[in-house]
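Visitor: Hi, could you walk me through this one?
Guide: Happy to, let's bring it up.

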Amino acid sequence: IEKYQDRVFFGIDIVVTDHPRKTKEWLTSIIMCYRNMLEKEEYYCKVGDDVDYVFNGLNLDKGVLKKIYYTNAEKFLSF
């Protein structure tokens, strides 16, 4: 990711439906799992109903994160 940091965008592929489980809190939790993967060295992510798993994150620096979250998409979408 660091080598090709100018080619990476942040995005998610969650299908949002009216299923009772897919609350605002659930969606926020899933998005934060993805962000924490990029931002932290180690992070917790709730998988299933009761279990929090510990994962190793990428711990990317702020400059790379800014490109992934904002700058790369801005460049790509500018005409």
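Guide: A word on terms to begin with: helices (H or I, at least four residues) and strands (E, at least two) are DSSP runs, numbered from the N terminus. This is a predicted model, where local features need pLDDT of at least 70, side-chain atom pairs count only at pLDDT 80 or more, and totals for chains, interfaces and linings use all residues. Residues are numbered from 1 along each chain as its sequence is written, and side-chain values use heavy atoms, with hydrogens and water left out.

Visitor: Thanks. Where does Gly-57 lie?
Guide: Gly-57 is in the loop that runs between β2 (51-56) and α2.

Visitor: And what is Gly-57 in contact with, leaving aside neighbours within four places in sequence?
Guide: Met-37, Lys-40, Glu-41, Glu-42 and Tyr-43. Contact here means heavy atoms within 4.5 Å.

Visitor: Is Asn-59 buried, partly exposed or exposed?
Guide: Asn-59 is partly exposed, at a relative accessible area of 40%. Buried means under 20% and exposed over 50%, with partly exposed in between (1.4 Å probe, protein chains only).

Visitor: Switching topic, how many disulfides does a search of the whole structure find?
Guide: One. Cys-33 and Cys-45 form the disulfide, with sulfur atoms 2.0 Å apart; the criterion is a pair of cysteine sulfur atoms within 2.5 Å. The pair links distant parts of the chain, Cys-33 in helix α1 (residues 24-39) and Cys-45 in strand β1 (residues 42-47), 12 residues apart.

Visitor: Right-handed or left-handed?
Guide: The torsion about the S-S bond of Cys-33 and Cys-45 is about 105°, so this disulfide is right-handed. Both cysteines, Cys-33 and Cys-45, are buried.

Visitor: Which residues make up the largest nonpolar core?
Guide: Five of them: Leu-38, Leu-60, Val-64, Leu-65 and Ile-68. Helix α2 (residues 62-77) gives the most to this core, three residues. Such a core is a set of buried Ala, Val, Leu, Ile, Met, Phe, Trp, Tyr and Cys residues joined through side-chain atoms within 4.5 Å.

Visitor: Last one: which residues of α1 and α2 meet?
Guide: Arg-35, Leu-38 and Glu-39 in α1 meet Leu-65, Ile-68 and Tyr-69 in α2.
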